[in-house]
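Here is a short report for a reader new to this structure. Please look over the sequence and the 3D view before reading on.

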Amino acid sequence: MNKVSSLKMPASDTPTPLLDVDGVSLEYRTPKRLVRATHRVSFAVHEADRFVLLGASGCGKSTLLKAAAGFIQPVEGEIRLDGQRVARPGPDRIVVFQEFDQLPPWKTVKENVIFPLLASRTLGRREAAERALHYLDKVGLSRFADAYPHTLSGGMKQRVAIARALAMQPRILLMDEPFAALDALTRRKMQEELLALWEEVRFTLLFVTHSIEEALIVGNRIGILSPHPGRVRAEINSHEFSLQSQGGTEFQLATQRIHRLLFDEEYPVSRQAEPARKIA
Amino acid sequence: MSLINPPVRPEYERLLEEIPPREATRPLHWSNRLWQQAWLRRTAILIVLAILWEIIARQQNNDLLLPTFLQTASALREGLAGGELLRRAGISLTVLIQGYAYGIVAAFALTTLAVSTQLGRDLLSTLTAMFNPLPAIALLPLALLWFGLGHGSLIFVLIHLVLWPLALNTYAGFQGVPETLRMAGRNYGLGGLRYVLQILVPAALPAILSGLKIGWAFAWRTLIAAELVFGASSGKSGLGWYIFQNRNELFTDRVFAGLVLVILIGLAVETLGFQTLERLTVRRWGLQR
């Protein structure tokens, strides 16, 4: 059934994946027709991976993430978490959304982090409060524990969302362009903090972005999707890149390689400076 | 064709002195701060209205048609001191609260059904389209037939008054809840009634509160009117009947006292009840400015 697996790494000596997306086709409905968002997409996310789904808009990367979260059912193929088919949303896969309104405004920062712990009946009230404070401290927001979300800046709101997701200690953390609505400086800082958190906690991450730089920095492995409908074009490794390697030759080369894969254009080496403008 | 280039200026760096905190933030003048108090502004408006009333009534000089503010105030004081007005108001409010509570429960049940099933949605929209435009006073004779000459028929009418606008507003509020927030809630495994109570209701609270306010105003105004018309028939009579009785006996100052009490209760519910509720919830959460 797994015809597209030729794009994956040879599966001979790799352990069983944590999240297995297996030949998944997703469709969405418009008033007139059914539109295929992704077509037989397969990839595997392993324990402690920072797997990035990268693609232009319309490649179904966010839809794939929502399917992994259980909000959408595939019309073909299946998504397995620890070998179990993903059938509905659940607290073992916590999503960090791009929008700031993911935090219920009627709860303080601390209550926001506690909320899923209580809602999913993971912990009792006291343990939940303790864990909430622990993770708020990790994202540097313990001073704002009693503030309401509308008093926070965008970056702080996303930090709360990340703390809330980490506090659940999910099997996999799903992030849907979490930093896309932030300004460039805050975004860079958040990427740095996310990587520091990963160094410490070693969570498994599935991260969706449309930024090549962000993919190279945040991910250790990048799945490149081609649009209309979304298909896996390539999977590449990016574990050797960090924020520090930005601007280096290796980083530039990787950026160009991804660019070529995304847009299927051959770039003359001499014109590598501003490929984005050429496309536009 | 010569392009103007901006001049190249030298770079500089400087150390910034600390700004004393008193200069960075200064307190407002006391008069400004006083005027910020909403209750003060509202009281000022009320005082101006009372003075206007007093002036106009003295010019008219006809106690039977328009008693002065001071006459009304003394009639109100007498009525309150004698306990009759309070008792009447108590009777009216008891009926009102019962009808209001039943109406809220019914509206909640109907909207919960509407967010969970397609059929519930159709049921809600059909029922509200049918019954919302139906005037309550027109239902009252029928209610008297069904539930007799007691509080039962008044409560029936009150439920009718509260249920439809509240259900409409609540449902509109539920539909306005952002998709991200819904997904976040479902992500934690919330579903059914817990999902409605923990995600939809708080997120839609501005709309629900406005529905509650509309329902309250409808109910209070119609209850007084219904008591005016049908109040005699029920054993214990409320404020509306007090107004009607005193008009028959040409105690116009007492009629005004009754009306003033109706207004005062309305004001109290609005400011003490709803505004406090808003301050503690939607304003605090930043859902409403």
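The report below starts with chain A, moves to helix pairs in chain B, and ends with single residues.

## Chain A overall

This is a predicted model. Chain A has 280 residues, and 53% of them count as buried. Its secondary structure comes to eight helices and ten strands.

Take the contacts in chain A between residues at least 6 apart in sequence. Of these, 66% join residues at least 24 apart. Chain A exposes about 13,300 Å². Carbon and sulfur atoms supply 49% of that area.

## An enclosed helix in chain A

Helix 2 of chain A spans residues 109-119. Eight of its eleven residues are buried, so the helix is largely enclosed by the rest of the structure. The cut-off for buried is a relative accessible area under 20%. The buried residues are A:Val109, A:Asn112, A:Val113, A:Ile114, A:Phe115, A:Pro116, A:Leu117 and A:Ala119.

What do these buried residues of helix 2 of chain A pack against? Within chain A, they meet helix 3 (125-138) and helix 4 (154-167). From chain B, helix 10 (192-203) joins the packing. Just after helix 2 of chain A comes A:Arg121, with a positive phi of about 55°.

## Two helix pairs in chain B

Helix 12 (residues 239-248) and helix 13 (residues 252-283) of chain B pack with their axes 8 Å apart, at an angle of about 160°. Angles over 145 degrees count as roughly antiparallel, so helix 12 of chain B is roughly antiparallel to helix 13 of chain B. The crossing of helix 12 of chain B with helix 13 of chain B is left-handed. Helix 12 of chain B brings B:Leu239, B:Tyr242, B:Ile243, B:Asn246 and B:Arg247 to the contact. Helix 13 of chain B supplies B:Arg254, B:Val255, B:Gly258, B:Leu259, B:Leu261, B:Val262 and B:Ile265. By class, the residues of this contact are eight nonpolar, two polar and two charged.

The second pair is helix 8 (residues 151-175) and helix 11 (residues 205-230) of chain B. Their axes come within 8 Å and cross at roughly 160°. That makes helix 8 of chain B roughly antiparallel to helix 11 of chain B. Here the crossing is right-handed. The contact of helix 8 of chain B with helix 11 of chain B has 15 nonpolar, seven polar and one charged residues.

## Loops of chain A

The peptide bond from A:His228 to A:Pro229 is cis, with omega near -15°. A:His228 has a positive phi of about 55°, although it is not a glycine. Is A:His228 buried or exposed? It is exposed, with a relative accessible area of 64%.

A:Arg202 sits in the loop between helix 5 (184-201) and strand 8 (205-209) of chain A. Its phi is near 55°, a positive value in a residue other than glycine. A:Arg202 counts as partly exposed, at 41% relative accessibility.

## After helix 13 of chain B

B:Arg284 lies in the segment after helix 13 of chain B. B:Arg284 is partly exposed, with a relative accessible area of 42%. Leaving aside neighbours within four places in sequence, B:Arg284 is in contact with A:Tyr148, A:His150, B:Glu278 and B:Arg279.

B:Arg284 and B:Arg9 are 275 residues apart along the chain. Their C-alpha atoms are separated by 49 Å.

Technical notes. Residues are numbered from 1 along each chain as its sequence is written. Chains are lettered from A and ligands numbered from 1 in the order in which they are written. This is a predicted model: local features need pLDDT of at least 70, side-chain atom pairs count only at pLDDT 80 or more; totals for chains, interfaces and linings use all residues. Side-chain values use heavy atoms; hydrogens and water are left out. Helices (H or I, at least four residues) and strands (E, at least two) are DSSP runs, numbered from the N terminus. Buried means under 20% relative accessible area, exposed over 50%, partly exposed in between (1.4 Å probe, protein chains only). Contact means heavy atoms within 4.5 Å. Accessible areas come from the Shrake-Rupley method with a 1.4 Å probe; for residues, only the protein chains shown count as cover. Axes are lines fitted to C-alpha atoms, for helices over the stretch in contact, and angles run from 0 to 180 degrees between N-to-C directions. Angles under 35 degrees count as roughly parallel, over 145 as roughly antiparallel, 65 to 115 as roughly perpendicular and the rest as oblique. A crossing is left-handed if the near helix is turned anticlockwise from the far one by less than a right angle, and right-handed if clockwise. Ala, Val, Leu, Ile, Met, Phe, Trp, Tyr, Cys and Pro count as nonpolar, Asp, Glu, Lys and Arg as charged, and the others, Gly among them, as polar.
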